[in-house]
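Thanks, everyone. Let's walk through the packing in this one. Here it is on the screen.

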Amino acid sequence: QDKGTTMTEFWLISAPGEKTCQQTWEKLHAATTKHNNLSTNSKFNIPDLKVGTLDVLVGLSDELAKLDAFVESVVKKVAQYMADVLEDSKDKVQENLLANGGKVLLEQQWQTEHKFYSSSLDTVPFLFIFKGVNQIDNDLKARASAYNNLKGNLQNLERKNAGSLLTRSLADIVKKEDFVLDSEYLVTLLVIVPKLNYNDWVKQYETLAEMVVPRSSNVLFEDQDSYLCNVTLFRKAVDDFKHKAREYKFMVRDFQYNEEEMKADKEEMNRLSTDKKKQFGPLVRWLKVNFSEAFIAWIHVKALRVFVESVLRYGLPVNFQAMLLQPNKKTMKKLREVLYELYKHLDSSAAAIIDAPMDIPGLNLSQQEYYPYVYYKIDCNLLEFK
């Protein structure tokens with residue numbers, strides 16, 4: 001998708017039916033395409049719902065606003081977690097979640113699934129949506145917690161096996177033959193020698209204490225700055241040796257060669273790594289499916305809001321056309337102007353509101369921008385994670 005011209009943002013609007021709703025649709029379509037395609041439009045047909053009293057509708061309007069915020073937060077959480085799980089391939093989040101910036105998803109799901117509706121506009125669809133999305137939210141918490149735990153434990157082990165020779169685990173570097181084992185008198189130490197001081201080490205190590213075995217030191221490993229060397233000496237000379245080595249900046253690492261422990265560490269790492277791989281596929285699938293579920297629920301909430309708001313604004317009998325617009329990024333301001341010209345007659349106070357400085361006493365815009373037509377934004381840009 002060309003990010004330059006289209007945005008993954010949709011405007012769900014509604015206007016009263018003129019002679020017919022088809023006419024309302026044609027008028028909008030003509031107006032937005034006359035000026036170089038200001039938006040890509042499609043009809044958004046909302047099933048006829050039984051309408052209760054005005055009081056009920058006003059109450060529903062408030063409930064729906066809360067439900068909308070909740071469902072949107074869950075949609076975002078699932079998308080964000082998908083980005084976390086995909087780690088290095090964050091750029092794949094969008095394609096994993098939204099085909100064509102959500103347009104396909106929006107239209108297909110909407111046309112095929114009015115599954116959240118009972119014919120009457122009461123609390124049934126609300127409960128149904130809330131319960132479903134709440135379940136997704138709870139499942140996500142549980143799954144994320146289990147997967148993050150696994151990931152955290154694995155990262156801790158990986159951290160132990162990385163970093164500088166001064167701190168990292170040496171278990172995967174050293175071999176049995178690097179040590180004198182099971183001797184009553186002799187012991188092998190591991191020493192970190194800065195590369196700059198290596199010549200000093202070669203010259204000095206045999207004389208740093210009494211009873212160092214001559215020519216017993218080899219370089220076992222190196223990182224950017226240091227060599228890991230072994231050296232064998234008599235046990236009783238160890239303290240002396242450590243003390244003297246420090247003066248030359250040679251660091252004796254505290255290390256006991258223990259095959260069992262090393263094996264256990266390796267096995268633990270393999271187990272965690274295998275577990276993580278095993279969980280990854282099913283988790284990504286779960287996220288895709290439940291993102292889609294939550295997203296569909298979100299669109300249904302928007303549709304219910306359009307319905308309630310349209311009846312409150314345009315009155316009965318129910319007669320309005322809902323339309324889905326995907327604005328062209330470069331001409332959004334122009335699109336707003338065209339819509340305003342088309343619909344300003346719907347609301348005599350609209351002109352005053354548009355032209356007035358922000359605050360009008362007694363007018364509660366409830367954080368929603370005010371337009372003379374019913375308008376809700378579906379912002380899929382919220383789901384882009386870089």
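First, a term: helices here are DSSP runs of H or I, at least four residues long, numbered from the N terminus. Keep in mind that this is a predicted model.

Start with helix α7, residues 238-247.

Which residues of α7 are buried? Val238, Phe241 and Ala245. Look down the axis of α7: those buried residues fall within an arc of 60°, so they line one face of the helix.

What covers the buried residues of α7? The cover includes strands β3 (186-194), β5 (226-234) and β6 (251-253), along with helix α6 (198-204).

Next, the largest nonpolar core. It has 49 residues, and Val71 and Leu287 touch the most other members. At least two residues each come from β1 (9-16), α2 (54-85), α5 (123-160), α8 (259-314), β7 (320-327) and β8 (374-379). Helix α8 gives the largest share, 17 residues.

Zoom in on Val71. Leaving out residues up to four places away in sequence, Val71 touches Ile129, Val133, Ala294, Ala297, Trp298 and Val301.

Ala245 takes us back to α7, where it is one of the buried residues.

Technical notes: Residues numbered from 1 in each chain as written. Predicted model: local features only at pLDDT ≥ 70, side-chain atom pairs only at ≥ 80, totals over all residues. Heavy atoms only, no water. Core = buried A, V, L, I, M, F, W, Y, C linked by side-chain atoms within 4.5 Å. Buried < 20%, exposed > 50% of the residue type's maximum accessible area, 1.4 Å probe, protein only. Contact = heavy atoms within 4.5 Å. Arc of directions from axis to C-beta.
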